[in-house]
Amino acid sequence: MTSDVMPRGRRLEPDARREQILACAVRLFGERPYAEVSTTDIANAAGVARGLINHYFGTKKGLFLESVRVLVTIPAVAVEQLPQGDLATRVDASVAWFLDVVSRHSRSWLAAVDGGGVGRDPDVERVLAEADEIAADSILVAVGLAQASRHRDELRAMVRAYCGLAKATAREWLERDALDREQAHLLLATTLITLVERVFPTLDPK
């Protein structure tokens, strides 16, 4: 977007209009707590009638949950587009993708992983938990263990723990400014490679 408010009157295909509304919601929910963002605010920012928000997302809560989901969930295409190569190459690309995403939407991403200021809302908790499960599967694909069957529950638990480290590392970089990007990348890439090469083999997951 070139401005904070999208011009009205532009005819867009339904999918593009939905994505436009979602993009504006992601930005606004990152700037202000959930209670301080209205559907009118979002509609005005997107340059659409407020009724379109109900049409595409049902309610403000529905739009909010979709905003959280899109920020914290690894899309399948991100895994599909990883480069071919050895473990270090794929891990490096995976970590770079993650850091690119969280830095591009830093305020919104930080708000999303904190639940968007709505406390321990069960619907938000469910979205975050689903994202963690998708992340676990995605990382196992990225490191070549998609087909691992033995001790899979333990493998997934370790990957979810790694995802917690990734979130904490991003926070140290983006929010606390205690790490720079290079340090964050080194920490996450080295840890994941160590998990794959030294920790996972103790489970004999093949």
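The model is predicted, so local features need pLDDT of at least 70 and side-chain atom pairs count only at pLDDT 80 or more, while totals for chains, interfaces and linings use all residues. Residues are numbered from 1 along each chain as its sequence is written, and side-chain values use heavy atoms, with hydrogens and water left out. The chain has 10 helices and 0 strands; helices (H or I, at least four residues) and strands (E, at least two) are DSSP runs, numbered from the N terminus.

**Overall fold**

- Read along the sequence, the pattern is α-α-α-α-α-α-α-α-α-α.
- The C-alpha trace spans about 55 × 35 × 35 Å along its principal axes.
- Of the 206 residues, 42% count as buried; buried means under 20% relative accessible area, exposed over 50%, and partly exposed in between, with a 1.4 Å probe and protein chains only.
- Among contacts with a separation of 6 or more, 69% join residues 24 or more positions apart; a contact means heavy atoms within 4.5 Å.
- The chain exposes about 11000 Å², with carbon and sulfur atoms supplying 52% of it; accessible areas come from the Shrake-Rupley method with a 1.4 Å probe, and for residues only the protein chains shown count as cover.

**Helix H1**

- Helix H1 covers residues 14–31, and its 18 residues should span 26 Å at 1.5 Å a residue; the end C-alpha atoms are 26 Å apart, which agrees. The expected span is 1.5 Å times one less than the number of residues.
- Its buried residues are Arg17, Gln20, Ile21, Leu22, Cys24, Ala25, Val26, Arg27, Leu28, Phe29 and Gly30.
- The cover over these buried residues includes helix H2 (39–46), helix H3 (50–57), helix H4 (60–72) and helix H7 (106–113).

**Helix H7**

- H7 is mostly covered, with 6 of its 8 residues buried: Ser108, Trp109, Leu110, Ala111, Ala112 and Val113.
- What covers the buried residues of H7 includes H1, H4, H6, H8 and H9.
- Gly115 follows H7 and has a positive phi, near 85°.

**Pockets**

A pocket is an open set of points on a 1 Å grid over the protein atoms alone, with protein on both sides within 12 Å along at least five of seven lines; a cavity is a set of points where a 1.4 Å probe fits but cannot get out, and lining residues have an atom within 4 Å of a point. Grid points are joined across faces, edges and corners, and a volume is the space filled by probe spheres set on the points.

- The largest pocket has a volume of about 750 Å³. Its lining counts 37 residues, with Val72, Thr73, Ile74, Trp97 and Phe98 nearest the centre.
- Elements giving two or more residues to this lining are H1, H4, helix H5 (76–80), helix H6 (87–104), H7, helix H8 (122–142), helix H9 (152–174) and helix H10 (181–199).
- By class, the lining of the largest pocket divides into 28 nonpolar, 4 polar and 5 charged residues. Here Ala, Val, Leu, Ile, Met, Phe, Trp, Tyr, Cys and Pro count as nonpolar, Asp, Glu, Lys and Arg as charged, and the others, Gly among them, as polar.
- The second largest pocket has a volume of about 160 Å³. Of the 10 residues that line it, Val26, Arg27, Arg104, His105 and Ser108 lie nearest its centre.
- H1 and H7 are the elements that give two or more residues to the lining of the second largest pocket, and H1 supplies the largest share, 4 residues.
- The lining of the second largest pocket has 3 nonpolar, 3 polar and 4 charged residues.

- The structure holds 1 cavity of 30 Å³ or more, and the largest cavity has a volume of about 60 Å³.
- Its lining is made of Val26, Phe29, Gly30, Phe64, Ser67, Val68, Leu71, Ser108, Ala111, Ala112 and Gly116.
- H1, H4 and H7 each give two or more residues to this lining, and the largest share, 4 residues, comes from H4.
- The lining of the largest cavity has 7 nonpolar, 4 polar and no charged residues.

**Arg160**

- Arg160 sits in helix H9 and is partly exposed, with a relative accessible area of 32%.
- Leaving aside neighbours within four places in sequence, Arg160 is in contact with Asp132, Glu133 and Ala136.
- Arg160 and His185 are 25 residues apart along the chain, and their C-alpha atoms are separated by 18 Å.
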